[in-house]
Amino acid sequence: MKRKGSNTSSSPIIEVDGLCKKFGRRQILNGIDLRVFPGDFLTIFGSNGAGKTTLLKILSTLVLPSSGTVEIGGFDIKEDSNGVRSQIGLISHNSYLYPDLTAYENLRFYGKMFAVPRLENRITELLELVELEHRKFDLVRTFSCGMQQRLSIARALLHDSPIFFLDEPYSGLDVHASEILDRVLTNLKNENHTFLLTTHDLIKGIEVCTRVAILNNGVISYEAPKGEIDPAHFPDVYKKCIEVD
Amino acid sequence: MDYLKKVFAIVEKDIISELRTKELFTSMLVFVLLTLVIFNFAFGQDTQADMVDLASGILWVAFLFASILGLNRSFVHEKDEGCMDGLMLCPVDRSAIYIAKVIGNLIFISIVELITVPIFVLFFIKDAAGINFLFFALIIFLSNLGISAIGTLLSAISINTRARDLMMPILFFPVIVPVLISAVKSSSVILVASNPITDVYAWLQVLVVYDMIFLLISYLTFEYILEE
């Protein structure tokens, strides 16, 4: 029997079974089954309205599923949502930062909420990583979009979670911020973290992943390991998957 | 202990934000001051002991409408800045978010009242010497607690509705009536020095019971209110 909150490298760290989500009469997700193993980098592609963000919101405990089960890091999202939250970091196009607080105050607030040990050191370390230590005491309101995204990366890394959800993380990033995100992701991949990325960017999505899935009309219509994909022909495969429905 | 640390982290964050913007505080303070000044002009300087009922009514209507301004913003701010999801991603019981917001609202309303009550006494109470201000402070605290407890819950409910600025007062005023009546009645007793203090006890009991009921209901149901 699997212990609550436990995971071995052979068992999936994310397990999704028959996941459905309805908003009113609209069926957004229609029976998603997914297994992600520790160290995996799964990229999910899909057109607008395919359900990518809804899927990530359910996995992040922000939205409740209509039916189906989801276990993350051994925690069930309905029964132990706080357990799930402590296991995940979310980087999204929304920064989740308070504009009237400084960069330091934002990280300190989230650090306290996640009960991060040695918080002061961790904040300094992360601000250096995203190259914002010189703006530590400036209000987030005064930051450019790219700088806010960089700080948002630091926010998501604060509690050193084993799993990262990336919802269109490159959208709105300038070249410098993209390079920082790439560097951070490479470091985390080397440390065997698990990733689930949703994006429209086929080239970037394939470049970083170990596995690819295509979400269309609320179901996973294609899934393959990176080794089986020919990047040159993948856009045709993607179009075919989207056009079928 | 961890729960309380997270509660106070949210309170601290809200206070720092408010100190920077002074958005809620200024609007609440100006509203109460304007109301008191306007009524002072309307009634002149001849406010007698038999007008204390009216004066305490003016005071609590001013406090209540000012509170609405603050309560309405307590979640709107989080939602508009896109931070609500950030807060929801934290591994913390939803009740901690509720308790923190109640404490924050209580602090903001109390500071406004701390400034405006002396002005109210100056304007409307002729014989302030014998008033039991300790009891008056207790009445204000219990009423504020009720206003914050109910207002925070309803603010969270109305945040996801389309007409949220309209929805909040529509939901709030009918529910707050018992608190308002108790606050007005007990204030009008306490603001006349010759009235026996025992006349306030019944109203204080109503306030305590109402506060406890709403705090408990909100504490237990807040998780379901915040979902989606």
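## Confidence

Helix H8 (residues 234–244) of chain A has the lowest mean pLDDT among the elements of chain A, at 81. Helix H3 (residues 103–113) of chain A has the highest, at 96. Here pLDDT is the predictor's confidence in each residue, from 0 to 100. Helices (H or I, at least four residues) and strands (E, at least two) are DSSP runs, numbered from the N terminus. Residues 1–6 of chain A have a pLDDT below 50. Beyond near neighbours in sequence, this stretch has 9 contacts in the model. A contact means that the C-beta atoms of two residues, placed from the backbone, lie within 7 Å. Across chain A the pLDDT averages 89, and 95% of the residues score at least 70.

This is a predicted model: local features need pLDDT of at least 70, side-chain atom pairs count only at pLDDT 80 or more, and totals for chains, interfaces and linings use all residues. Residues are numbered from 1 along each chain as its sequence is written, while chains are lettered from A and ligands numbered from 1 in the order in which they are written.

## Chain A overall

Chain A has 8 helices and 10 strands. Its C-alpha atoms fill a box of roughly 50 × 45 × 40 Å along the principal axes. The radius of gyration of chain A is 18 Å, which agrees with the value near 18 Å for a compact globule of 245 residues. That radius is taken over C-alpha atoms, and the globule rule is 2.2 Å times the number of residues to the power 0.38.

Of the 245 residues in chain A, 47% are buried. Buried means that 20 or more other C-beta atoms lie within 10 Å of the residue's own; exposed means 12 or fewer, partly exposed in between, with C-beta atoms placed from the backbone. Among contacts in chain A with a separation of 6 or more, 70% join residues 24 or more positions apart.

## An open sheet

Four strands of chain A form an open sheet in the order E2-E1-E4-E5, with antiparallel pairing. Strands pair if DSSP finds at least two bridges between them. Strand E2 (26–36) and strand E5 (75–76) of chain A are at the edges; each has a single partner strand, so one side of each lacks a neighbour in the sheet.

Strand E4 (residues 67–72) of chain A pairs with E5(A) in the antiparallel sense over 2 bridges. A:Glu71 stands opposite A:Asp76 in E5(A).

## Helix H4 of chain A

In helix H4 (residues 119–129) of chain A, A:Ile123, A:Leu126 and A:Leu127 are buried. They cover an arc of only 100° around the axis, so they lie on the same side of H4(A). The arc is that of the directions from the helix axis to the C-beta atoms. A:Asn121 and A:Glu128, on the other side of H4(A), are exposed.

The cover over the buried residues of H4(A) includes H3 and helix H5 (145–157) of chain A. A:Glu131 follows H4(A) and has a positive phi, near 55°.

## The A–B interface

In chain A, 20 residues are in contact with 21 residues of chain B. Helix H2 (81–87) and H3 of chain A each supply at least two residues of the side of chain A that touches chain B. H3(A) gives the largest share of that side, 4 residues.

## Chain B

Chain B has 8 helices and 0 strands. Its C-alpha trace spans about 55 × 35 × 30 Å along the principal axes. Buried residues make up 44% of its 228 residues.
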